[in-house]
Amino acid sequence: MIRESFDIEFIRTILPKLLEAVPLTLEMSVVSILFGCLAGLLLAYAKICGPKILKSVINVLTTVLRTVPDVVLLYIVYFGLPILVKNVFGVSLASWQKQTFVIIALAIGMSATAGEMFRSAYNSLEKGQLEAAHAIGMTRWQRFRKIIFPQGFFVILPNLASACLAITQATALAYTLGIMDITGKARIINTNAGSLKTFESYLAVALIYWTISFLIGAVFKWLEWKFGKGMRTLATTTR
């Protein structure tokens, strides 16, 4: 087959079709990030407050998860989880949608990164603040809401932004399971075009991911500015 010249009109034509898959991509990203952060909080809490043996187990687990490529973890979850659940609980996962396995895999990967971020953020806090809050009778929830969360969240914002971008980009692996996300649709479109529009098809995908990444970055910059104001106010009042 002879490759035609660059066809920008083809990109304009397929963009609306690719945009139809954006909600699915965002759904997988957001749900994976939320569950990954929740699991990361539990891992961080166990590392900070748990017994020594539990800390050692979680350290090994975290290290392993952070070194396994996303695509490998995805295949392990997709092919291995149904077998595990079937053998242990006698329950079939055949009715589960494929994107559920993508969310589980990405959330597991996110949890390892989030756990380290939350642990580092907690360790960066000035312990005198927590001791003073305890002395004046603050409950654990009040200490978390007024001291730990605002300061810790500000500390992890840059790393959290990078992690969220990585998860969003990793959703492109969903097409390997036959899921019609943005990349999956581009693959079908290119195939239907006789594989003569590969560059245009994936350039359109890149433009969509670039836009999503830009918006995510803008949100986190706003959060840094918002929480940064509170940090500056706290620094001023404690001088």
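## Overall fold

The protein chain contains nine helices and zero strands. Along the sequence, the pattern is therefore written as α-α-α-α-α-α-α-α-α. Taken along the principal axes, the C-alpha atoms fill a box of roughly 75 × 50 × 25 Å.

Of the 239 residues in the protein chain, 37% are buried. Among contacts with a separation of 6 or more, 76% join residues 24 or more positions apart.

## Confidence

The mean pLDDT of the protein chain is 88, and 94% of the residues reach 70 or more. Over residues 233-239, pLDDT stays under 50. The model has two contacts beyond four places in sequence for this stretch. Where pLDDT is low, the predicted coordinates should not be read in detail.

## Helices α6 and α7

Two packed helices are described by the angle between their axes and the distance between the axes. Helix α6 covers residues 127-135 and helix α7 covers residues 140-170. The angle between them is about 170°, and their axes lie 11 Å apart. An angle over 145 degrees counts as roughly antiparallel, so α6 and α7 are roughly antiparallel to each other.

On the α6 side, the contact is made by Gln129, Leu130, Ala133 and His134. On the α7 side, Arg143, Ile147, Ile148 and Gln151 take part. By type, the residues of this contact are four nonpolar, three polar and one charged.

## Ser32 in helix α2

Ser32 belongs to helix α2, which runs over residues 22-49. Is Ser32 buried or exposed? The relative accessible area of Ser32 is 0%. Buried means under 20%, so Ser32 is buried.

Leaving out residues up to four places away in sequence, Ser32 touches Val102, Ile103, Leu106, Ala107, Met110 and Ile167.

## Cys37 and Cys164

How many disulfides does a search of the whole structure find? The search finds zero. For Cys37, the closest cysteine sulfur is in Cys164, at 6.1 Å. A disulfide needs the two sulfur atoms within 2.5 Å, so this distance is too far for a bond. Cys164 is likewise in no disulfide, with the sulfur of Cys37 as its nearest cysteine sulfur.

Both cysteines fall under the 20% cut-off for buried residues. Cys37 has a relative accessible area of 16% and is buried. Cys164 counts as buried at 7% relative accessibility.

Notes:
Residues are numbered from 1 along each chain as its sequence is written. This is a predicted model: local features need pLDDT of at least 70, side-chain atom pairs count only at pLDDT 80 or more; totals for chains, interfaces and linings use all residues. Side-chain values use heavy atoms; hydrogens and water are left out. Helices (H or I, at least four residues) and strands (E, at least two) are DSSP runs, numbered from the N terminus. Buried means under 20% relative accessible area, exposed over 50%, partly exposed in between (1.4 Å probe, protein chains only). Contact means heavy atoms within 4.5 Å. Axes are lines fitted to C-alpha atoms, for helices over the stretch in contact, and angles run from 0 to 180 degrees between N-to-C directions. Angles under 35 degrees count as roughly parallel, over 145 as roughly antiparallel, 65 to 115 as roughly perpendicular and the rest as oblique. Ala, Val, Leu, Ile, Met, Phe, Trp, Tyr, Cys and Pro count as nonpolar, Asp, Glu, Lys and Arg as charged, and the others, Gly among them, as polar. pLDDT is the predictor's confidence in each residue, from 0 to 100.
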